[in-house]
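Student: I would like to learn how to read a structure like this one, beginning with the ligand. Could you take me through it step by step?

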Amino acid sequence: MENSMILKQADWIKAPGDFGDICPVFRKPFALPKKAADATLLISAIGVYEAEINGKRVGDFVMAPGWTDYKHRVQYQEYDVLELLGDKNTLEITLGKGWSGEFTWFQNRGYPEYPSPAVICALKLGYADGSSDVILSGEGFEAAKSNILFSDIYDGEVFDARHCEREWTPAPVADYPKDILIPQQGEYVREIEEIKPAELVRTLAGGGRKVGEKIIDFGRNITGYVKFRTCLPEGSVIEIRHAEVLREGGSARFYTDNLRNALQKITYIAGGGQAEYKTHFTFQGFRYIRLDKWAGDVDPDDFTAVVVHSDIRRTGYFECSNEKVNKLFQNIIWTQRGNFLDVPTDCPQRDERCGWTGDAQIFIRAATYNFDVAKFFEKWLADMALEQFEDGGIPAIVPNTLGELYANNAAWGDAAVICPWQVYLTYGDKRILTAQFGCMRKWVDFLREEAGESLTWPEGFYFGDWLALDNGEGAFEGATPHDFIATAFFAYSARLLIKAGKVLGADMGRYEELYANIVYAFQNRYITGGELAVKTQTAHAVALKFGLCGDAKENIAKDLAGLVAANGDKLNTGFIGTPYLLHALSENGYAETAYSLLLREDYPSWLYSVNKGATTIWEHWDGIKEDGSFWDPDMNSFSHYAYGAVADWMYGAICGIDTDEDAPGFENAILRPLPDRRLDHAKASIDTKFGTLSSGWSFDGDTVIYEFEVPNRATVVIGGRICEVGKGVHRFVSCGDGTLSRVSRTTDTGNGQ
Ligand code: BGC
């Protein structure tokens, strides 16, 4: 019988009614009548579980079974547990509420159909003589209170390490559906790395005499938890809080205001003797911890920060002669690591940590180059398709615990089309389009319905150019009007849908007509006399990047460069415009302006945060202001990847690595680097399914030396000249006088010339 069928024979079990906040532990003792030849534990939960057999942890999945649209599906995991078995055994499972509890800043329960967490499991046993057996959760499983007195994703954990006799009672059955159980689809979430403290900071309390805060600095902002050793006497209480940043001075430097209602707190009651502890069902976004209660001296060596995220394979690298740009790139990588914990989240620290569709869409190209996230997005996009509303609308977050609130936002809902298309381009696997095509098409149909005859969107709720700087100090929304953004994204989604449909061999005639009409409506409404009616950087960047400018393209590009110049050579774009700004400039002859924006160090710029000591990407251009004060604490994350989308300009423009729509997955790579004298050299590489693809260049006086490592084939474009090359390492030299020569070609086995 198939594993999923076996698991579905088991019962969901839950805590008895009077456990309150305390996490339940379930146990099932069992003896093996004969030697087992194989043993597999199938297990899932509404909530999060940790299983042990004979006191040994089963597997290493953190926050298992992960977060999906629990209304429709929950993953189960399979673990080979043969090694853990003896003659007499006890299976123990501890259960926390995880994402099934109160969530988001509304603290609402996203899944009222599951009033309490529950777990389900089947232990399959195969014996050497060919016989088999299975232990199913339900009958014979007992429940008791565990040592975890409280656990919450935002608030942290309260753990009482003292020994107390457990009172076991039969575990009640939860009447939850079983057809929601699906095999693991996404990546496993694991402990990926450990970081030792960089420093112990002590602040001085009143009058500078007594020691105030005891703060440990782990040197970088991460997502995960802290692990510590203690040998405090029984009953001693330890309290630890987590924070991303410190105030610049003063006696109370530990800054938690930006966490809003997320406590990020650990309370540990010592059991006596040597012990090591880390939390079970929570994670924090932090660089610093403050020891609010910790008796005795602090030895930083007793602390370790454990980095936790989806176990995705790193594939993309970038390096150049500017150390600050390199640091920025590293910060982007760490922000992705901090926010790819089973779903792509906006931030890992405050009371959100949600799969915001817009943020994922903004960052998707960089995300797919940095890491192999094909499987990660396959799972998340499958949830998006399930969460899609009847009418084709798309929720603001996936998995969705907000209902229709903020749904159908331009650029957020468009994640339904943009994300699968980019995953297809980067990895070249049609299956993502096959799986998502229905969802993509329904979204475009929904827009068509909403837009009506005018083909522009009516007034509704929009986030607009979120956090842009062109609408006055402290505004949440930029100056680019909603209808402009909505119409542009409508056109873009329709265009990508057509491309996807063609890959799948669908007849896209109806959508081609629709697309032509939207472009016509857009140009009619927003372009007059070769100029865009909306005079913002974002509007220009979007129109150019989405190919909506028609004959006015050259002029609109010139205007964009002019808008940047008029703004003191600074950007002022938000979530909508920023990912496209540098591309729109460099693709239209203004690479120098794009470079200037990237290399700029004062506010607002990417390197501004680097100069301020950032180790991850900030939500706001001025999360920390020039005078050291903070942006409004209500919304000031220091780990938000949206502006990290600039990594795709580092790969895609500085080093010129791009996908070819006709041969995606880098079957054919486009290599169109754009060197700039302000850098001596730059190099990017991506591990593709064909092998490593890299593109680098360096200056030698007026000469630029290019080197490409091509795993299959590539179209090299230098100074407007095009050269098709095959597998191998290729060098080109371009001299100051404009001549280009090909100096070597090694191991070239492709059809290049
Ligand atoms: C999130 C964002 C998200 C936004 C919607 C914020 O609170 O952190 O990144 O996209 O809301 O505007």
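This is a predicted model: local features need pLDDT of at least 70, side-chain atom pairs count only at pLDDT 80 or more; totals for chains, interfaces and linings use all residues.

Student: How far from an oxygen atom of the ligand is a polar side-chain atom of R350, and how far is an N or O atom in the side chain of W412?

Tutor: For R350 the distance is 2.7 Å, and for W412 it is 3.0 Å. The protein covers 96% of the 310 Å² of accessible area that the ligand has on its own, where accessible areas come from the Shrake-Rupley method with a 1.4 Å probe.

Student: Which residues surround the ligand?

Tutor: A residue counts as near a molecule if one of its heavy atoms lies within 4 Å of it. Here the ligand is surrounded by residues including D346, E352, W356, F463 and H640, and the shell divides into 6 nonpolar, 1 polar and 5 charged residues. In this scheme Ala, Val, Leu, Ile, Met, Phe, Trp, Tyr, Cys and Pro are nonpolar, Asp, Glu, Lys and Arg are charged, and the others, Gly among them, are polar.

Student: How should I read a sheet, and which strands stand at the edges?

Tutor: Strands are DSSP runs (E, at least two residues), numbered from the N terminus, and two of them pair if DSSP finds at least two bridges between them. In this model 6 strands form an open, antiparallel sheet in the order β5-β4-β7-β2-β12-β15. Because β5 (56-57) and β15 (169-170) each have a single partner strand, they stand at the edges, and one side of each is left without a neighbour in the sheet. Strand β4 (residues 48-53) is joined to β5 by 2 bridges, and I53 has K56 as its bridge partner in β5.

Student: How many cavities of 30 Å³ or more does a search of the whole structure find?

Tutor: On a 1 Å grid over the protein atoms alone, a cavity is a set of points where a 1.4 Å probe fits but cannot get out, and lining residues have an atom within 4 Å of a point. The search finds 4 such cavities, and about 80 Å³ of space lies in the largest, whose lining includes S605, W606 and Y643.

How values were computed. Residues are numbered from 1 along each chain as its sequence is written. Side-chain values use heavy atoms; hydrogens and water are left out. Helices (H or I, at least four residues) and strands (E, at least two) are DSSP runs, numbered from the N terminus. A polar contact is a pair of N or O atoms within 3.5 Å; within protein, one must be able to donate a hydrogen and the other to accept it, and residues adjacent in sequence count only if both atoms are side-chain atoms. On a 1 Å grid over the protein atoms alone, a cavity is a set of points where a 1.4 Å probe fits but cannot get out, and a pocket is an open set with protein on both sides within 12 Å along at least five of seven lines; lining residues have an atom within 4 Å of a point. Grid points are joined across faces, edges and corners, and a volume is the space filled by probe spheres set on the points.
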